[in-house]
Amino acid sequence: FKLGRYAITGKIASGGMATVYRGRLEGQGGFAREFAIKVIHPHLAAAEGFRDRFYDEARVASRVSHPNVVATIDSDFDHGYHFLVLELIDGITLRQLQVTGQERTTALGEGPYRLEAGEAARVVCDAARGLHAVHTTVDESGDAMEVVHRDLSPHNLMLDMTGRTVLIDLGLAKARGQLGHTQTGVLCGKLPYMSPEQSRIEPLDARSDVFSLGSVLFELATGLPPFGDDHTPNTLENLRRCDSTRLSDLLSSARIPTWLNQIILTCLRAQPDERYPSAEALASALDEGMRRAGVNQASVRTKLARRTREIHSLIGPTLNPVPLLPLIAADPTGSYKALSTTWVRPWIRGLALVGAGAMVVLVALGIRNAARSNAAIPTEQWTPTLSSDALGPDTGAEPQQVVIPLEPAPLPAARQQPPPEVEPLEAIEDEPTPAKRKRVGTKRDPLAEFKGNPYD
């Protein structure tokens, strides 16, 4: 299947707003290159604000050019899908680094997994450089867009195979003149990494993102988030109180070097005026701190690159190929055929055989209408429901990805209305109403073969 010029070859990950696929572009003379294709869920594209937010991300990302920010190549619409074409980063997220590292330390009976002081500083210094490029983005007229990211966390930062940190998502970025607007009173982002003013839904500037990056730095250095790791009133209370004495005691107990201790505490000041005024100022402080501490940055990058390759080899490449899930699907001519798979559970395969036998009996009896009704099994009924919400609680190694086990669905009644042109690629936690389900047609989802467990 192709979206525009790009052939979809597999699935990388799924989120609450979009699914990221792996795409390949081929040209004349043997030219070929792979990209990450971020496709907005069609059932969200029609919702007020979602499509505008998607294009706000495209507008901001297209203006940013920095080695520590993922490059946005293209934006298009095809086959009913709105999508962005992004640089494909081969590596791991900081969240994957933390989870895999914690599994190792737990197996050895050790405490929380954390990076060395120089490694944590190098990772966040790179991220701060990229974040400053986002903050200082200008529009076509050269006017500042006044961008605030609002969703910095280990989930949105990657390490590539060279040890470089890359900011990979601008989905909740707020900029001057944007098309979509966050609903008044709605909290956007991940609570454990918010600034106090963001948790109070107050006006934000770059210093809010500096606070969030300071929370990431605290967690990388100590192995624990500074205010809590869940979306609970206790985490919110700790965040809004922002007790510097408590934070200092936690850093001291983790034996964080004084130079890094001071940088972290400056980032995590309750009042924005007391923090670093910009992400660039934070990056400069980290560079100076590493220089004075005698950190060999070339050696640090080598360690980060080696660790990235090791974890990448354990969890697999960024592409997570999956077999075809629908047991019965319509081909382009409108006829129906069974799809072979070795991944389906035996009881589902048995159910498919029973269903196929029943269809044969019905056809033999000449009950044409019933045969058509039984044949028109919507493919989305047989795909796993994926749920991901940036505002939801952290429930596992990758809190943005929740997999609901596959369940058989009852056969629907015959439909008189033609199917819609686009079916949702994924379902999120707020399941569609029965009225919405009733309107879903039987047209085959062209991306169904790439659905499955998201890459973790």
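Trainee: Why are both phenylalanine 211 and phenylalanine 227 called buried?

Mentor: The term buried means under 20% relative accessible area, with over 50% exposed and anything in between partly exposed, using a 1.4 Å probe and protein chains only. Both phenylalanines fall in the buried class. This is a predicted model, in which local features need pLDDT of at least 70 and side-chain atom pairs pLDDT 80 or more, while totals for chains, interfaces and linings use all residues. Residues are numbered from 1 along each chain as its sequence is written, and side-chain values use heavy atoms, without hydrogens or water.

Trainee: How many aromatic pairs does the structure hold?

Mentor: There are 2. One joins tyrosine 6 and phenylalanine 35, with ring centres 5.8 Å apart and planes at 85°.

Trainee: What makes that pair edge-to-face?

Mentor: Rings of Phe, Tyr and Trp (its six-membered ring) pair if their centres lie within 6.5 Å; planes under 30 degrees apart are stacked, over 60 edge-to-face, the rest tilted. At 5.8 Å the rings pair, and 85° is over 60, so the label is edge-to-face. Tyrosine 6 is in strand β2 (residues 6-14) and phenylalanine 35 in strand β4 (residues 32-40), 29 residues apart. Both tyrosine 6 and phenylalanine 35 are buried.

Trainee: What is the arrangement of phenylalanine 211 and phenylalanine 227?

Mentor: Their centres are 5.8 Å apart with 10° between the planes, which puts the pair in the stacked class. Phenylalanine 211 belongs to helix α6 (residues 206-222) and phenylalanine 227 to the loop between α6 and α7 (233-241), so the pair ties together parts 16 residues apart in sequence.

Trainee: How do you know how helix α4 runs relative to α6?

Mentor: Helix α4 (residues 117-135) packs against α6 at about 165°, with the axes 10 Å apart. Angles under 35 degrees are roughly parallel, over 145 roughly antiparallel, 65 to 115 roughly perpendicular and the rest oblique. The value is over 145, so α4 is roughly antiparallel to α6. Contact means heavy atoms within 4.5 Å; residues making it include Ala120, Val124 and Leu131 of α4, and Asp209, Leu213 and Leu217 of α6.

Trainee: Why are α3 and α11 called roughly perpendicular?

Mentor: Helix α3 (residues 94-107) and helix α11 (residues 297-315) pack at about 80°, with axes 11 Å apart. That angle lies in the perpendicular range, so the name applies. Their contact is made by Gln96, Leu97, Thr100 and Arg104 of α3 and Arg307, Glu310, Ile311, Leu314 and Ile315 of α11.

Trainee: What makes serine 153 buried?

Mentor: Its relative accessibility is 0%, which falls under the cut-off, so serine 153 counts as buried. Serine 153 sits in the loop between α4 and β8 (157-160). Leaving aside neighbours within four places in sequence, serine 153 is in contact with Lys190, Tyr193 and Val216.

Trainee: How do you know that leucine 3 is buried?

Mentor: The relative accessible area of leucine 3 is 0%, so the same rule gives buried. Leucine 3 lies in strand β1 (residues 2-3). Not counting residues up to four places away in sequence, leucine 3 touches Ile8, Ile37, Val39, Asp78, His79, Tyr81 and Phe83. The C-alpha atoms of leucine 3 and aspartate 78 are separated by 5.8 Å, although the two are 75 residues apart along the chain.

Trainee: How many of the 456 residues count as buried?

Mentor: The share is 48%.

Key:
Helices (H or I, at least four residues) and strands (E, at least two) are DSSP runs, numbered from the N terminus. Axes are lines fitted to C-alpha atoms, for helices over the stretch in contact, and angles run from 0 to 180 degrees between N-to-C directions.
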